[in-house]
Amino acid sequence: MEPVFINHCALNKKNLAEMAKHTRRGARVIVNICSVLLLLVALTEYFVIYDFSTAFFALFLGVFFFAYVQLLPRISARMTLKRYQVLYHAEVVSELQFFEDHVLMQSEQSKEHIELQYAQIKKVIRTKNLYLLQLGAQLILLTDKTGFANGASCSAFEGFIRQKASRAKFRFPRRTRVKE
């Protein structure tokens, strides 16, 4: 049986950071709201109550949390890349083969072969360069938009994955559309 789609995706810093950024969206929003609230507290303390030490402390915390949330995807990607470098001594490239009834994930470096059913896919997220197939909180398959073999198009893949992973939630923002 031949796969319908074959995709190769390099697990490099750019792709891992993009994955981390888009899968932790809820936490990012909550921390950003808290940062804005801390900045409002700082302004209130400084201009209304005239408590300068509390104002500077709240300002410091607001800026710190905002910066931390912005840097977290890159920090996470760097840590993952270090782990891959220690384990495999090379850049990891995953290959996803999409068959009619299952997905086969292979990695030449780790010698893994994992077969997954489409019903296991909980969420599909389209980003600027990737499709993220989320199977759970900790397992995400990266599919590179430019990594399809045999000239397969992203729109054909989107239609296919919508049909096969019918239980999954789809998050396809308009700004991430592919121009073909």
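This is a predicted model: local features need pLDDT of at least 70, side-chain atom pairs count only at pLDDT 80 or more; totals for chains, interfaces and linings use all residues.
Helix H2 itself covers residues 25-49, a run of 25 residues. From its first C-alpha to its last, H2 reaches 35 Å, close to the 36 Å expected at 1.5 Å a residue. Arg-28, Ser-35, Ala-42 and Glu-45 are the buried residues of H2, and these residues pack against H1 and H3.

Two packed helices are described by the angle between their axes and the distance between the axes. For helix H1 (residues 13-23) and helix H3 (residues 52-88), the axes come within 8 Å and cross at roughly 130°. H1 is therefore oblique to H3. The crossing of these two helices is right-handed. On the H1 side, the contact involves Lys-13, Leu-16, Ala-17, Ala-20 and Lys-21. These residues meet Pro-73, Arg-74, Ser-76, Ala-77, Arg-78, Thr-80, Leu-81 and Tyr-84 of H3. Sorted by class, the contact of H1 with H3 comprises 7 nonpolar, 2 polar and 4 charged residues.

Strand S3 spans residues 102-107 and contains Met-105. Met-105 counts as buried because its relative accessibility is 14%, below the cut-off of 20%. When neighbours within four places in sequence are left aside, Met-105 is in contact with Glu-95, Leu-96, Glu-112, His-113, Ile-114 and Leu-141. Met-105 and Leu-116 are separated by 11 residues in sequence, and their C-alpha atoms lie 7.8 Å apart in space.

Methods:
Residues are numbered from 1 along each chain as its sequence is written. Side-chain values use heavy atoms; hydrogens and water are left out. Axes are lines fitted to C-alpha atoms, for helices over the stretch in contact, and angles run from 0 to 180 degrees between N-to-C directions. Helices (H or I, at least four residues) and strands (E, at least two) are DSSP runs, numbered from the N terminus. Angles under 35 degrees count as roughly parallel, over 145 as roughly antiparallel, 65 to 115 as roughly perpendicular and the rest as oblique. A crossing is left-handed if the near helix is turned anticlockwise from the far one by less than a right angle, and right-handed if clockwise. Contact means heavy atoms within 4.5 Å. Ala, Val, Leu, Ile, Met, Phe, Trp, Tyr, Cys and Pro count as nonpolar, Asp, Glu, Lys and Arg as charged, and the others, Gly among them, as polar. The expected span of a helix is 1.5 Å times one less than its number of residues. Buried means under 20% relative accessible area, exposed over 50%, partly exposed in between (1.4 Å probe, protein chains only).
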